[in-house]
Amino acid sequence: QALRLSAAAALAPDYRPRTCNHPAALEHLTAVFLTVQPRSKPLFTLLFTIPHTGVVTRTMQARFSLALRGARSAAQAVRNGAFGCGVGRARAAPALALRAASSWSLPSTRVADVTKFSRDYVMDIDDYAAMRSQHVLPARRAIKGVRRVEIGPFVTVNFENFDLIWIQIHEMLRIERGGEEQIKDEIEAYEPLIPRNGNICATLMIEIDNREKRRRELSQLGFIENTVRLQIGDVSVVAAPLGDDDVPRTDENGRTSAVHFLRFHFDDEAVARVREADEAHLIIEHDHYRHSTRLRPELVQEICRDLKR
């Protein structure tokens, strides 16, 4: 729920903002606080969000200092209503003279084209490893919190996007350290999972800890990848396996793989109809595994956004 703030009320002398989970409101609160106490160096616990998703990614401690001139600029911005926010996507707020503890942002906000993966998008692996625990892993958890769906007792589906693929490629490079040859192989393997041209891509995983139960269930779920359906409004799309058609996901004994890469293709007409939908379901119609789940509204919004690419 978007925050609605009143600059007049916020400028009360005892006003002390501590947390915020909306980007524009965060800027608003910070500007107001520093206007009230322009020479202080307050220590905040600030909740930052992933742009366009409204999902809290991490708690970061940041120390801000602002000179009097900066405080006057912030006060003017508040008086002009520059930091007001209502329902819907946050407006980009003017840059303030703030020194934050971190400036890392999601890869999708820093590349020219999020429908393909270029060698230029791969960063130095030592630099990646240095920022991994503080920045990358919390971001990945937050993204998956929106794009991960549990369907039935032991199947999960991750709807992929550029940021998840960027992280996955860098994780593989960090572990194996295979150099340029590995970079080429990882891009070739994971780049097809990036949504584009009406294709929504997902990874289906059968997650069973017990070895015997896993072996038994996998033996009963042959060709499960052909029974997955995404229903958005009145548009229904059956998944198709994504990848090399020469590599079967079910062996000659009917035992399926625990991991499947899927593609849901929406033609132009379907994309137009999906934009009007307000409800979506993911459905598996296998003889030995019939389950469905309703998708969260924020995930439906993400999928609709992916279909525009």
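I began with Leu230 in this predicted model and looked up its bridge partner in β10, which is Leu282. I then followed the two strands as a whole: β6 (residues 228-232) and β10 (residues 280-286) run antiparallel and are joined by five bridges.

Widening the view to the sheet, I noted four strands in the order β7-β6-β10-β11, paired antiparallel and forming an open sheet. Because β7 (235-238) and β11 (289-294) each have a single partner strand, they stand at the edges, and one side of each is left without a neighbour in the sheet.

Next I turned to helix α5 (residues 162-176), whose 15 residues reach 21 Å from the first C-alpha to the last, close to the 21 Å expected at 1.5 Å a residue. I found α5 mostly covered, with 11 of its 15 residues buried, among them Phe162, Trp166, His170 and Leu173. The buried residues of α5 pack against α4 (125-147), β4 (155-159) and α6. Just after α5, I noted that Arg177 takes a positive phi of about 50 degrees.

My last entry concerns Glu191, which I located in the loop between α6 (179-190) and β5 (199-206). Is Glu191 buried or exposed? I record Glu191 as buried, because its relative accessible area is 18%, which falls under the 20% cut-off. The side chain of Glu191 reaches the backbone nitrogen of Phe117 at 3.2 Å. Leaving aside residues up to four places away in sequence, I listed Thr115, Lys116, Phe117, Glu186 and Arg196 as the residues that Glu191 touches.

Notes: Residues numbered from 1 in each chain as written. Predicted model: local features only at pLDDT ≥ 70, side-chain atom pairs only at ≥ 80, totals over all residues. Heavy atoms only, no water. Buried < 20%, exposed > 50% of the residue type's maximum accessible area, 1.4 Å probe, protein only. Polar contact = N/O pair within 3.5 Å; in protein donor to acceptor, adjacent residues only side chain to side chain. Contact = heavy atoms within 4.5 Å. Expected span 1.5 Å × (residues − 1). Pairing = 2+ DSSP bridges.
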